[in-house]
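Take a look at the chain below. This report walks through a few of its local features.

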Amino acid sequence: MTTTLGFSARKARFLNRWHAARATRGGTVTAFVSAPEPRTIGSFARGRQLVAGNYLFAGALVEAPGTNLWDVTAPDATFEDALQGFAWLDDLAAVGDGKSREAAQRWLWGWIDRYGKGRGPGWTPDLTGRRLIRWINHALFLLRGLDGQEPDAFYLSLAQQTRFLAKRWHAAAPGLPRFEALTGLIYAGLSLEGMEDLAPPAIAALARECTQKIDHEGGIPTRNPEELLDVYTLLTWAAGALEEAGKPVPEAHMAAIERITPTLRTLRHSDGGLARFHGGGRGQEGWLDNALAASGVRTRQADGLSMGYARLSAGRTSIIIDAARPPLPAVSQNAHASTLAFEVTSGRRPLIVNCGSGASFGANWRRAGRATPSHSTLTLDRFSSARLGNADRATASEVLIDAPDHVPIEVSHAPDGLRFQGGHNGYSRTHGLTHARQLELTFDGRGMAGEDMLLALEEPEKRVFDKVMDAKTLGGIPYDIRFHLHPEVDAELDMGGSAVSIALKSGEMWVFRHDGTQEMSLEPSVYLETGRLKPRASQQICLSGRAMGYATRVRWSLSKAQETAMGIRDLNRDEPVEIYD
């Protein structure tokens with residue numbers, strides 16, 4: 001298998017280079033027929049850093065003031081991809097002054113000189129599509145003050161990349177890379193003089209991808225919320241470009257936008273960020289709300305699953321739960337063992353989180369981020385609910401095995417709020433136990449109650465459980481229930497160890513309690529965030545105990561405190577809660 005995959009990769013690289021070289025021998029364009037309205041959102045702060053020579057891409061920082069971007073030695077392939085995709089043009093355009101324009105012009109024409117002949121790492125369909133979108137979006141910014149040979153070289157390169165995409169878009173991997181390649185081809189076909197004939201086939205191909213890759217729930221196979229947002233953003237950009245050019249948007253294209261919109265609303269926390277599951281982050285700031293507004297779709301998902309996630313929301317509080325099995329290895333190499341894990345956000349402040357994807361921090365952090373202990377859920381006997389492959393192997397060989405294949409869930413009304421009930425059999429084969437979880441959120445969003453159970457339900461499972469207990473000399477099977485806290489949260493364990501006081505930057509205070517039958521501790525944790533140089537230190541609440549029988553039950557609660565004349569008091573108790581400095 002490895003030999004076959006290696007041959008296929010080498011063949012794809014050869015064909016990319018061959019078509020890129022052929023594309024450079026064709027004619028050129030001399031003008032734009034139309035220019036789509038720029039929809040990309042850049043960061044002013046990142047743009048200023050780029051101008052200063054601080055190159056931060058894919059979690060790696062290269063400080064090289066005065067060094068041309070293309071003379072920077074990329075520390076890894078993801079860094080190089082970020083350079084070649086030109087998304088950094090959004091950041092320079094966000095600054096928009098003379099220095100940022102001069103840097104953008106110098107680096108773009110430097111790329112043409114170095115890579116414009118069809119050689120180099122940037123000649124893949126997805127990166128070419130990403131690059132074309134940015135060059136077309138920011139053409140006015142880039143061409144201002146130029147005349148003579150430089151605009152001619154710009155148009156020539158646009159034509160070459162467009163012809164390359166027309167030949168090679170189908171070689172992009174299904175999913176986000178292909179959506180990116182086709183959207184870039186549509187942009188170029190609609191915008192560039194002489195390329196109009198390339199747009200209709202690309203429009204039709206994108207519509208087919210929408211039908212085949214966006215399921216009836218508005219989800220994608222990887223179940224990565226941030227990747228879904230990226231696909232959605234590309235679809236809204238392509239639809240906007242078609243409308244501005246006076247072209248009809250295919251029905252399948254619009255139907256996909258209409259399916260995805262309510263799913264993204266389900267995956268959107270109350271602070272505007274996405275739930276962080278299966279390799280995805282919170283999304284670039286402003287992109288989610290901007291894409292939702294641009295879609296014009298106002299529908300919301302009914303109770304139940306959206307791309308395998310359930311949502312409870314009331315008042316200013318949102319809870320998002322991973323309520324399905326992880327994606328299969330053939331679909332995603334970034335799947336996490338996170339079934340029944342959840343996140344909680346209060347207003348504009350994340351409260352309970354998952355550690356996130358460690359992919360940008362290296363192989364070890366990537367493996368750690370995928371494991372069950374990095375998620376806010378139950379871990380049994382140091383196992384993951386879907387065990388990761390051999391940690392000593394290369395990341396390319398990592399797979400998820402023994403993943404739960406039965407995940408029943410129900411979302412309903414409780415007497416005073418909303419209720420989620422779910423379970424998974426990820427520990428059934430190894431320990432004979434099913435993990436069941438119930439979460440309730442009050443109608444005012446100020447209180448949450450949880451219950452975790454470990455159950456041996458059928459006779460075969462009880463026999464497995466008994467065998468494990470015998471191996472442990474009847475000492476019980478250890479479990480931990482983890483609640484990872486956002487790094488901007490301050491938490492203190494009270495003197496008796498019966499409660500944790502949690503303070504948000506907004507001034508809100510929450511109190512976590514449990515039923516007293518487990519040991520509660522406050523332990524170190526990490527928050528893994530793409531774009532940062534290193535993981536952020538945080539904390540986690542951990543409830544630890546041992547399963548001694550066929551049924552183990554753990555109850556806990558999280559409630560917002562209120563100010564009284566006596567100080568801060570838990571809404572569910574009469575006595576004051578001590579506040580720690």
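A residue counts as buried under 20% relative accessible area, as exposed over 50%, and as partly exposed in between. Keep in mind that this is a predicted model.

Start with Ala58. Its relative accessible area is 27%, so Ala58 is partly exposed. Thr473 has a value of 68%, so Thr473 is exposed.

| Residue | Phi | Place |

**A buried arginine**

Strand S14 covers residues 477-485, and Arg482 lies in it. Is Arg482 buried or exposed? Its relative accessibility is 14%, so Arg482 counts as buried. The side chain of Arg482 makes a polar contact of 3.2 Å with the side chain of Gln540. Setting aside residues up to four places away in sequence, Arg482 also touches others, including Pro373, His375, Glu523 and Cys542.

**The nonpolar cores**

In soluble globular proteins, nonpolar side chains tend to be buried together. Here the largest nonpolar core has 89 residues. Which of them touch the most other members? They are Tyr55, Trp88 and Phe154. Helix H11 (residues 225-244) supplies the largest share of this core, eleven residues. A second, separate core has 45 residues, among them Ala323, Leu340, Ile502 and Leu504.

Phe154 has contacts beyond its neighbours within four places in sequence. Among them are Phe32, Trp109, Trp135 and Leu143.

**An enclosed helix**

Helix H4 spans residues 88-95. Six of its eight residues are buried, so H4 is largely enclosed by the rest of the structure. The buried ones are Trp88, Leu89, Asp90, Asp91, Leu92 and Val95. Just after H4 comes Gly96, with a positive phi of about 75°.

**Two helices that cross**

Two packed helices are described by the angle between their axes and the distance between the axes. Apply that to helix H8 (residues 149-168) and helix H9 (residues 176-191). Their axes come within 10 Å and cross at roughly 135°. That angle makes H8 oblique to H9. The crossing of H8 and H9 is left-handed. Where do the two helices meet? Thr162, Leu165 and Ala166 in H8 meet Ala181, Gly184, Leu185 and Ala188 in H9.

Terms used
Residues numbered from 1 in each chain as written. Predicted model: local features only at pLDDT ≥ 70, side-chain atom pairs only at ≥ 80, totals over all residues. Heavy atoms only, no water. Helix = DSSP H or I, 4+ residues; strand = E, 2+ residues; numbered from the N terminus. Buried < 20%, exposed > 50% of the residue type's maximum accessible area, 1.4 Å probe, protein only. Polar contact = N/O pair within 3.5 Å; in protein donor to acceptor, adjacent residues only side chain to side chain. Contact = heavy atoms within 4.5 Å. Core = buried A, V, L, I, M, F, W, Y, C linked by side-chain atoms within 4.5 Å. Axes fitted to C-alpha atoms, helices over the stretch in contact; angles between N-to-C directions. Parallel < 35°, antiparallel > 145°, perpendicular 65-115°, else oblique. Left-handed = near helix turned anticlockwise from the far one by under 90°.
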